[in-house]
Amino acid sequence: MNNGLNDLVNRWANTNKTIAVVGDSIYDQFEFGRITRLSSENEQVSVISIKSRKESPGGAANTAANIASLGGTVTLFTVVGEDHTADNLKRVIRKSGVNMSVVIDRDRPTTRKQRFYGDNIERFCSEWQER
């Protein structure tokens, strides 16, 4: 980091102030592997053999996690559904050192984005809304 940014982060980390982040949060999943063949159902679709996975907070939760990683005290205010994706999202948010105030909306799903990478190329990105 340059000196100006270092000074700002150090001053900010040494205060007793909490930063509020308000917004939609996303459970991000990344799947990494190798393309092993083409689908027998559609020759234009690659089949990826998954070798590793990564998960992280996305959307407003990503902003809050970045603030926490710089030493800031942050509280995230967000809405999630009542589903398994919300449980995973809250777990990765807590793991990143972020305090949360979560409203559960039973009428909406929690957003989950999955990205599949095969041979270092993003092949597919989906937004999952379970119900």
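**View 1. Pairing of strands β1 and β4 in the predicted model.** Strand β1 (residues 18-22) and strand β4 (residues 73-80) run parallel and are joined by five bridges, where strands pair if DSSP finds at least two bridges between them, and where helices (H or I, at least four residues) and strands (E, at least two) are DSSP runs numbered from the N terminus. Within this pairing, Thr18 has Thr73 of β4 as its bridge partner. This is a predicted model, in which local features need pLDDT of at least 70 and side-chain atom pairs count only at pLDDT 80 or more, while totals for chains, interfaces and linings use all residues. Residues are numbered from 1 along each chain as its sequence is written, and side-chain values use heavy atoms, with hydrogens and water left out.

**View 2. The open sheet β1-β4-β5.** Three strands, in the order β1-β4-β5, form an open sheet with parallel pairing. Because β1 and β5 stand at the edges with a single partner strand each, one side of each is left without a neighbour in the sheet. From one strand to the next the twist averages 15°, with axes taken as lines fitted to C-alpha atoms (for helices over the stretch in contact) and angles running from 0 to 180 degrees between N-to-C directions.

**View 3. Strands β4 and β5 with helix α3.** Six bridges pair β4 with strand β5 (residues 99-104) in the parallel sense; Thr75 stands opposite Asn99 in β5. Helix α3 (residues 84-95) packs on the sheet and touches β4 and β5, its direction making about 165° with that of β5, where contact means heavy atoms within 4.5 Å. Val80 stands opposite Ile104 in β5. The chain passes from β4 through α3 to β5 in a right-handed β-α-β crossover, that is, with the strands pointing away from the viewer, the path from the first strand over the helix to the second runs clockwise.

**View 4. The aromatic pair Phe32 and Tyr117.** One aromatic pair is found in a search of the whole structure, counting rings of Phe, Tyr and Trp (its six-membered ring) with centres within 6.5 Å, and calling planes under 30 degrees apart stacked, over 60 edge-to-face and the rest tilted. The ring centres of Phe32 and Tyr117 lie 5.3 Å apart with their planes at 15°, so the pair is stacked. Phe32 in strand β2 (residues 25-38) and Tyr117 in strand β6 (residues 111-118) are 85 residues apart, and the pair links distant parts of the chain.
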